[in-house]
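User: I am new to this structure and would like to learn how to read its features. Please give the general idea each time, and then the case at hand.

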Amino acid sequence: LLACFLADPAPVSAGLGFLTTPDPGVPAFFWLVSLLLSSLVWFISVQISNKESAAQQKGLLIFGVVLSVLLQETFRFGYYKLLKKANEGLLTLSQEETMPISIRQLAYVSGLGFGFMSGAFSVVNILADSAGPGTIGIHGDSQHYFLSSAFMTMAIILLHMFWGVVFFDACEKRCWWAVGLVVIVHLLVSCLTFQNPDYTATLVPAYVILFGMGVWAFYTAGGSLRNLKLCLTCKDKDFLLSNHRPR
């Protein structure tokens, strides 16, 4: 359980190590507000529904997940518009030709903040389940609940980073089909969790999507096979000079 708990925030910890841009706490707050609104709507819907109908309750759960994803992406777009206005204001005041902070940096911070808060809530829920009552797998179910939950949470955190990069770039270029595709992929990954406790049917597609989104975000951020090879072989002179420290 401890290993699973430590695995969840690993992507955020690694991401913070490269962070030289604004605090990701602001986008994390945006994500939190979107969750609050979707939870409130879902709670009211449950209260006025027939609680004895299993089919109705499952339908409301699916409705809650879809609503939560749509609100998250709406708040992501709202955060993009807010940052865009703020950057334009700073550009006007500073009299400079370029923005103080690039849109790619803002996209990275946005995805990191969304992923951080999403992972934090997932970890809290997992820890709450681990406190009992009951024992995982006592009735013949899978024993890998905590491990699979940790890997799924890690995938969601990384996906939020990639979604942020692709989403912001698509908004900048007014490439609305890419924005729509990010929303659809987010919905798909979230709905995969309904396959539990068949964790193979959840994790395998999620990590295939993670790999695809990672490649897309890499090229969107200006990456290429050439500079990736130079970076891995420590032959990127610009990178080495910028990170040189006198001994």
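Analyst: Let us begin with helices. A helix here is a DSSP run of at least four residues, and helices are numbered from the N terminus. Please note that the model is predicted.

User: Which helix gives the largest share of the nonpolar patch?

Analyst: Helix α3, which spans residues 25–47, contributes 4 residues to the nonpolar patch, the largest share. The patch lies on the surface and is formed by Leu40, Trp42, Phe43, Ile44, Ile48 and Leu61, with about 610 Å² of accessible area together.

User: Where does Leu61 lie, and is Leu61 buried or exposed, or does it fall in between?

Analyst: Leu61 belongs to helix α4, residues 54–94. A residue is buried under 20% relative accessible area and exposed over 50%, with partly exposed in between. Leu61 has 41% relative accessibility and therefore counts as partly exposed.

User: How many aromatic pairs does the structure hold?

Analyst: There are 8 aromatic pairs in the structure. In one of them, the ring centres of Phe77 and Tyr80 are 6.2 Å apart and the planes stand at 35 degrees, so this pair is tilted. The reasoning rests on the cut-offs: planes under 30 degrees apart count as stacked, over 60 as edge-to-face and the rest as tilted. Both Phe77 and Tyr80 are found in helix α4, 3 residues apart, which is about one turn of the helix.

User: How accessible are Phe77 and Tyr80?

Analyst: Phe77 has a relative accessible area of 31% and is partly exposed, whereas Tyr80, at 6% relative accessibility, counts as buried. Phe77 also forms an edge-to-face aromatic pair with Phe167, at 6.5 Å centre to centre and 75 degrees between the planes.

User: Why does the pair of Phe77 and Phe167 tie together parts that are apart in sequence?

Analyst: Phe77 lies in helix α4, while Phe167 lies in helix α6 (residues 145–172), so their pair links parts that are 90 residues apart in sequence. Phe167 counts as buried because its relative accessibility is 2%. Phe77, Tyr80, Phe167 and Phe168 form one aromatic cluster.

User: Over which rings does the charged end of Arg76 sit?

Analyst: The charged end of Arg76 sits over the ring of Phe114, 4.7 Å from its centre. The charged end of Arg76 also sits over the ring of Phe167, 5.9 Å from the centre of that ring.

Key: Residues numbered from 1 in each chain as written. Predicted model: local features only at pLDDT ≥ 70, side-chain atom pairs only at ≥ 80, totals over all residues. Heavy atoms only, no water. Patch = residues over 30% accessible without salt bridge, like charges linked within 9 Å, V, L, I, M, F, W, Y side chains within 5 Å. Areas by Shrake-Rupley, 256 points an atom, 1.4 Å probe, with all protein chains shown as cover. Salt bridge = Lys/Arg side-chain N within 4 Å of Asp/Glu carboxyl O. Helix = DSSP H or I, 4+ residues; strand = E, 2+ residues; numbered from the N terminus. Buried < 20%, exposed > 50% of the residue type's maximum accessible area, 1.4 Å probe, protein only. Phe/Tyr/Trp six-rings, centres within 6.5 Å; stacked < 30°, edge-to-face > 60°. Lys NZ or Arg CZ within 6 Å of the ring centre and 35° of its normal.
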